[in-house]
Amino acid sequence: MEDIKQRVQDSIKRSIEESIGGGFKLPNIRQSEEAENDEKTQPKDLLISIHGFNGCPYFEKSVQMAREAFKEFPDRMKPPNIHFHKSRQDFQSWLKDQKVIDGKGHRTSPFVWVGNSEFIGGSDKLFDWFLAKFPNAKFLKRF
């Protein structure tokens, strides 16, 4: 499928170049897509925000993951923004009242998002997100 897509893109590129004439060359479409994908997988200044309650093992795991990610990639991430709620009830109250992030019905600890509004989910979703953004990260092997 990828080969067909590339052949179509190359054909379109040749057609445009021929219609413009004068030796004009468009940049390679594949290179542009790779650069765009690199930008997506190599984010700059990411801020991970995590809310959860003390004693929740999933919250603790998420906090540890975010801290380890920052240690390994300090040039690509900001220190994680961690919010410790003193109890499950306190966390549930915050979760019900918070209007900052659309949590898509998320009701458990932790509650994780990136930047100003990109909802991630809980601990497992955070792991998946890190794996997608930092596929060769050493810290992921510990989780």
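Visitor: Which residues does His106 touch, not counting residues up to four places away in sequence?

Guide: The structure is a predicted model, in which local features need pLDDT of at least 70 and side-chain atom pairs count only at pLDDT 80 or more, while totals for chains, interfaces and linings use all residues. Residues are numbered from 1 along each chain as its sequence is written, and side-chain values use heavy atoms, with hydrogens and water left out. With contact taken as heavy atoms within 4.5 Å, and with residues up to four places away in sequence not counted, His106 touches Leu95, Phe111, Phe119, Gly121 and Gly122.

Visitor: Is His106 buried or exposed?

Guide: The classes rest on relative accessible area with a 1.4 Å probe and protein chains only: buried is under 20%, exposed is over 50%, and partly exposed is in between. Because its relative accessible area is 15%, His106 counts as buried.

Visitor: Which backbone oxygens does the side chain of His106 reach?

Guide: A polar contact here is a pair of N or O atoms within 3.5 Å, where within protein one must be able to donate a hydrogen and the other to accept it, and residues adjacent in sequence count only if both atoms are side-chain atoms. The side chain of His106 reaches one backbone oxygen at 2.8 Å, that of Thr108, and it also reaches, at 2.8 Å, the backbone oxygen of Pro110.

Visitor: What is the order of the strands in the open sheet?

Guide: Two strands pair if DSSP finds at least two bridges between them. The open sheet has four strands with mixed pairing, in the order E2-E1-E3-E4. Its edge strands, each pairing on one side only, are E2 (81–85) and E4 (118–121).

Visitor: In which sense do E3 and E4 pair?

Guide: Strands of a sheet pair through backbone hydrogen bonds, either parallel or antiparallel. Val114 stands opposite Glu118 in E4, and over three bridges the sense of the E3 and E4 pairing is antiparallel.

Visitor: At about what angle does helix H5 run to E4?

Guide: Axes are lines fitted to C-alpha atoms, for helices over the stretch in contact, and angles run from 0 to 180 degrees between N-to-C directions. Helix H5 (residues 123–133) lies across E1, E3 and E4, and its angle to E4 is about 120°.

Methods: Helices (H or I, at least four residues) and strands (E, at least two) are DSSP runs, numbered from the N terminus.
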